[in-house]
Amino acid sequence: TTATAATFQAPASAEQAPAMSKSISSVIPAPAVAQPDARQAFRLGWGTVIFTQIGSREAASVGKQLAEVLRPSTGFPVPVLPAFVHGHGISLLLGGADARVGKEGYELKVERSQILIRANTPAGLFAGTQTLRQLLPASVESKSRQKGPWVVPGGKIVDFPRFAYRGAMLDVSRHFFSVDEVRGYIDQISQYKVNRLHLHLSDDQGWRIEIPGWPRLTSYGGSTEVGGGPGGFYTKEQYLELVAYAKQKYITIVPEIDMPGHTNAALASYAELNCNGIAPPLYTGTSVGFSSLCIDKEITYKFVEDVIRELAALTPGEYIHIGGDETHATKPADYVKFMQRVTPIVAKYGKKAAGWHEIAKTQNDPSVLPQYWGTDDVDEEVVAAAQRGNKILLSPAHKSYLDMKYDRNTPLGLTWAGLIEVDTAYGWNPGAFVKNLPESSVLGVEAPLWSETLENSDHIEFMAFPRLPAIAELGWSPWSTHDWESFRQRLAQQGDRWARQNVNFYRSPKIAWN
Ligand code: TNX
C-alpha cells in the first residue's frame, strides 16, 4: 500500500449491507442464468483432482492455472490430470454445454460430489474457472496456507457475454510500465472476464515499442515520461511476451500508435518527420493537442507503414488502433486526408483499424472501429458510421475513464470529464447510451486508464479497483441482471480478495467492504 492510498481511507460512514450468505450467483460479472441449490455444495479437500479434457493442451493449461491459485492457500496438492472420472473432482470439459454458451461462455454445475465446467472453447473454460475462484472463500487468494473449509455453494450457472469486446486500456506512454507491471494488470482484469487489453504505446511523452529501421523512436523517444523520469520501452521480445501472457488468459492485446497528433516523441526522434525539418525537444508535461505528423511529406507514410507492418506482424488480434484523437495541430482537411491514406495501410497488413471516435468522420470503411470517448450521449458522426455498418466501441469519459478522480479528495487522477464514483461507473447501459445508437451496433465497452498522474502498480490498482469490475460487468452481464444493490453487495466481497492479492484498491464509501 502506498503512502498516498494509506492516507486516503473511506469515511467510516459506509452503509451496512444486509447480511447475505454466499450463493452461486454472488460473482462479478453477474452470471446470465444462475440457479442456486442450497442442498448442494462442494468441499475442496486433500483428494480433490482437477480433470481436464483429454487431448486438449489448452484445457490442461486452464486447469493448471486454476490449480496454481488453489494450491498455496489450501495447501492441497490439487493434481491436474487429462482424464474424466464421472462424479468426482473438478472437471473442465470441452463440448456438451448448453447451446447458449457460445464461444466464450460456460456452464458450471456444483454438486456435493463434483464440479463440472463445460464450454465449447478453452476461453469458456477459463471464464468458468474465474467464476469458480470467486465462489470460494476470499482467503483462497492468499499466497500462504489458510484455514478452510473450502466450500463452493451449490447450483448451476449458464453464462455467456452480452458484448464481444470487453476491454481495458493502459497508457504506457505518459508513464512507462514494465512487463511485470502490465502482467500484474492482466492477472487482475482477467478475473472479471475482460478479453481485450488496449496498450497506448505512443504519445507526446514517449514511444514504447521497438520498430525495425527506426531505432531512435525508442532509444531517444522512449527515454523519458511525464515528470522527466527515465521512461522505457518494450523490445519486440518483451511485447511478444505480453501478447503470449495475455493469450493464456484469453485476452487479446490491441496495440495503439496514436497519429497524426500525440506524436511529439516520434517527431523529437526524427527531424525528417517534421514539416520544417527541425526536431522539437522531448516533452515531459501533460498538455495535449500540440503535435502533428507532417501530412504532405512522403516519409510520413513510409514511417507509418513501417510501424503498422511491424505491429501487425507482432499482434495476433484483429485490431490495430491508430489513435486519431485531439488533433488540434492538424488542419481538419489534412486529418481526413491522413486517415484516408492510413486506414488502407492497416487493411493491407490484414488488420482492422480502431481509432478514437474522431476517425468516424474520415471515411466510409465499415470495418473501422470508432471508439466513443465523449462526455455526453450525442454523436452524429458515430451514429452515421453505425448506419453504414460500423461497429462502435464505447468508452464514455464521464462513466468509463478510470483516470478520473472518484471524488474531490482522490490523490491521483484528473477531473476534466467529472468525478466518477463506482456507482457512476456502473450506472449506464451500453446498449442504450449514445442517442440513436442501437445495441446491435455496439461491439462492446472499454475502460481506459490514462497515466499522466500514475507512476506504478499501486496507482494503477487504486484507480482501476473497484471501477474496472463495474465496467466489466456492463460488458458481460445481460442488462436484466443490472442492479446497483446486487452489484454493491457482490463488490463488497471483492475487497477481501483484493487485500489477499495485495491489490491496492480504493475503499469507496459507497460499499460496505467485507
Ligand atoms: C484525453 S481521451 C485524451 C488523452 C488524455 C486523457 C486524460 C483521448 C482520446 N485523449 O490524451 O490522456 O484525455 O484523461
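Mentor: The N-terminal domain

UniProt, in an unreviewed entry, lists residues 26-159 as "domain: Beta-hexosaminidase bacterial type N-terminal". UniProt positions follow the numbering used here, feature names are shortened, and annotations may be inferred rather than shown by experiment. Residues are numbered from 1 along each chain as its sequence is written. The model is predicted: local features need pLDDT of at least 70, side-chain atom pairs count only at pLDDT 80 or more, and totals for chains, interfaces and linings use all residues.

Residues 26-159 are 24% helix and 33% strand, and their end C-alpha atoms lie 13 Å apart. Helices (H or I, at least four residues) and strands (E, at least two) are DSSP runs, numbered from the N terminus.

Seven strands form an open sheet with mixed pairing, in the order 1-7-5-6-4-2-3. Strand 1 (33-44) and strand 3 (80-81) are the edges; each has a single partner strand, so one side of each has no neighbour in the sheet. Two strands pair if DSSP finds at least two bridges between them. Strand 2 (residues 50-52) runs parallel to strand 3, joined by two bridges. Ile 50 sits opposite Val 80 of strand 3.

Now the helices. Helix 2 (residues 57-74) lies across strands 1, 2, 3, 4 (89-94) and 7 (150-159), at about 170° to strand 2. Helix 3 (residues 122-135) also packs on the sheet, touching strand 4, strand 5 (106-110), strand 6 (114-119) and strand 7. Its direction makes about 145° with that of strand 6. Contact means C-beta atoms, placed from the backbone, within 7 Å. Axes are lines fitted to C-alpha atoms, for helices over the stretch in contact; angles run from 0 to 180 degrees between N-to-C directions.

Conventions
Contact = placed C-beta atoms within 7 Å.
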